[in-house]
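Subject: The structure we talked about

Hi,

Here is the structure I promised to pass on to you. Have a look at it first, and then read on for what turned up in it.

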Amino acid sequence: MTEIRQSERPDSPVNTGLQKKRLAVAPMMEWTDRHCRSFHRTLTKDAVLYTEMVTTGALIHGDVPRHLDYSQDQHPVVLQLGGSEPSDLAKAAELAQQWGYDEIDLNCGCPSERVQRGAFGACLMAEPKLVADCVKAMKSAVDTPITVKHRLGLDSMDAANSEADYQFALNFILAVADAGASQVTIHARNAVLKGLSPKENRSKPPLRYEVAAKLRLDAQKQFPNLKVLLNGGLESNEQIAGHWDDFDGFMVGRAAYHFPAMLLGWDDLIATDGEAAGYLFSETEWHRIQIALVKQVQAWYDECRSKDKPFYIGAFTRHILGLAHGRAGSRYWRQRLSDHHALAKVQSKAAIVDFFIDASLTLGDWAAFEFEGA
């Protein structure tokens, strides 16, 4: 892979210094892999894309290219790290910089017990000094910006009604900002470390957007250049626009994955400073996206062949199942894209074209597209 450093991409949104709001697709385990990110990039040029969380151990002791390789069309792209040992995070950050990631994000928000056993994720909110040391170690090792994603609080804390619990969240933000973090992303609900599954942690603890907005104001009194993003429960562009002036950006997770067409409106939402919340998913756009997907999958096919790796088109199609949501025939389209027997038979570049064209036709004649060289 050709290394491209952030400093060599002056037009990257994370490097311009412009005061534009940020829209980002959240890091999601087993979902936001390199194929998913390439797909999302066909929908939006300006959004920031995040990797799945990668642990420091996986990078220091594992297969680095498997975890860090990506297509250059994905910039701006952020590597999210999981870890709690400053020296290990510094080494992982050095690898991230070598591979050309635009930013490095530290996970202090994941509530799963498996992550807790590794002494990182949301449980780190109880150790702001350690998190600050982690940020400092990464800042000392690389020039790449360092950010932190975290929760509003832990367990039964109530930052909306308890001054002490609010101060707990604010002190955490101030500690990481003082250590050099350029941005924090607040998942605006608590992480319940015992008694709730990761899935339940995404819905049962109540959302407190108003508390996250107040934290931003209070944190920026001391660190005016700190960017504060909102995460949690965001399901539409209209909802994002409704909170536009309260945050420096927004991070969307499952809604962006399950209903990816919403990303088609993000560039306009950014360009109009929150005014244009809608989007048009036209026949022309459908054709453009399908052609881009064919090219991405063909490039992956060539890479697999060159490295003598098995090729399976399902590695791509599993990420696009929600693209036709709401359209007549979408159920048949999803079935076609999930048919493992049909997917396994796609083993040539011509077959890749045929597969996407045939799948599109389940939606009607309007969805048929032409691919040059097919």
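Two strands count as paired if DSSP finds at least two bridges between them. Strands E7 (residues 227–231) and E8 (residues 249–252) are joined by three bridges and run parallel. If you want a spot to look at, find Asn231, which sits opposite Met251 in E8. Before you go further, keep in mind that this is a predicted model.

**The barrel**

Now zoom out from that pair. Eight strands close into a barrel, in the order E1-E2-E3-E4-E5-E6-E7-E8, with parallel pairing. On average, neighbouring strands in this sheet are turned by 25 degrees against each other, ignoring direction.

H1 lies across E1, E2 (48–55) and E3, and it runs at about 170 degrees to E2. Helix H9 (residues 209–222) does something you can compare on screen: it lies across E6 (183–187) and E7, running at about 175 degrees to E7.

While you have H1 in view, pick out His40, which is part of that helix. Is His40 buried or exposed? It is buried, because its relative accessible area is 1% and the cut-off for buried is under 20%. Apart from neighbours within four places in sequence, His40 is in contact with Val25, Leu49, Ala256, Tyr257 and Leu263.

**Salt bridges**

How many salt bridges does a search of the whole structure find? The count is 14. The general idea is that side chains of opposite charge can pair when their charged atoms come close.

One to start with is the salt bridge between the side chains of Glu103 and Arg22, at 2.8 Å from N to O. Glu103 belongs to strand E4 (residues 103–108) and Arg22 to strand E1 (residues 22–25), so this pair ties together parts that are 81 residues apart in sequence. Glu103 counts as buried because its relative accessibility is 4%. Arg22 is buried too, at 12% relative accessibility.

Next, go to Asp69. Asp69 forms a salt bridge with Arg34, with the closest N and O atoms 3.8 Å apart. This pair links distant parts of the chain: Asp69 is in the loop between H3 and E3, while Arg34 is in helix H1 (residues 34–43), 35 residues apart. Both Asp69 and Arg34 are buried.

Asp69 also forms a salt bridge with Lys307, again with 3.8 Å between the closest N and O atoms. Here the two parts of the chain are 238 residues apart, with Asp69 in the loop between H3 and E3 and Lys307 in the loop between H13 and H14. Asp69 has a relative accessible area of 14%, so it is buried, whereas Lys307, at 46% relative accessibility, counts as partly exposed. Put together, Arg34, Asp69, Glu303 and Lys307 are linked in a network of salt bridges.

Asp73 counts as partly exposed because its relative accessibility is 36%. Which residues is Asp73 in contact with, leaving aside neighbours within four places in sequence? They are Ser38, Arg41 and Gln296. With Ser38 there is a polar contact of 3.4 Å between the side chains. For a sense of scale, the C-alpha atoms of Asp73 and Ala255 are 22 Å apart in space, and the two residues are 182 apart in sequence.

**A helix with a buried face**

Which residues of helix H15 (residues 330–338) are buried? They are Ser330, Trp333 and Leu337. Looking down the axis of H15, you will see its buried residues fall within an arc of 55 degrees, so they line one face of the helix.

**The segment after H17**

Last stop: Gly364 is in the segment after H17. Gly364 counts as partly exposed because its relative accessibility is 22%. Its C-alpha atom is separated by 26 Å from that of Tyr312, which is 52 residues away along the chain.

Technical notes:
Residues are numbered from 1 along each chain as its sequence is written. This is a predicted model: local features need pLDDT of at least 70, side-chain atom pairs count only at pLDDT 80 or more; totals for chains, interfaces and linings use all residues. Side-chain values use heavy atoms; hydrogens and water are left out. Buried means under 20% relative accessible area, exposed over 50%, partly exposed in between (1.4 Å probe, protein chains only). Contact means heavy atoms within 4.5 Å. A polar contact is a pair of N or O atoms within 3.5 Å; within protein, one must be able to donate a hydrogen and the other to accept it, and residues adjacent in sequence count only if both atoms are side-chain atoms. Helices (H or I, at least four residues) and strands (E, at least two) are DSSP runs, numbered from the N terminus. The arc is that of the directions from the helix axis to the C-beta atoms. A salt bridge is a side-chain nitrogen of Lys or Arg within 4 Å of a carboxyl oxygen of Asp or Glu. Axes are lines fitted to C-alpha atoms, for helices over the stretch in contact, and angles run from 0 to 180 degrees between N-to-C directions.
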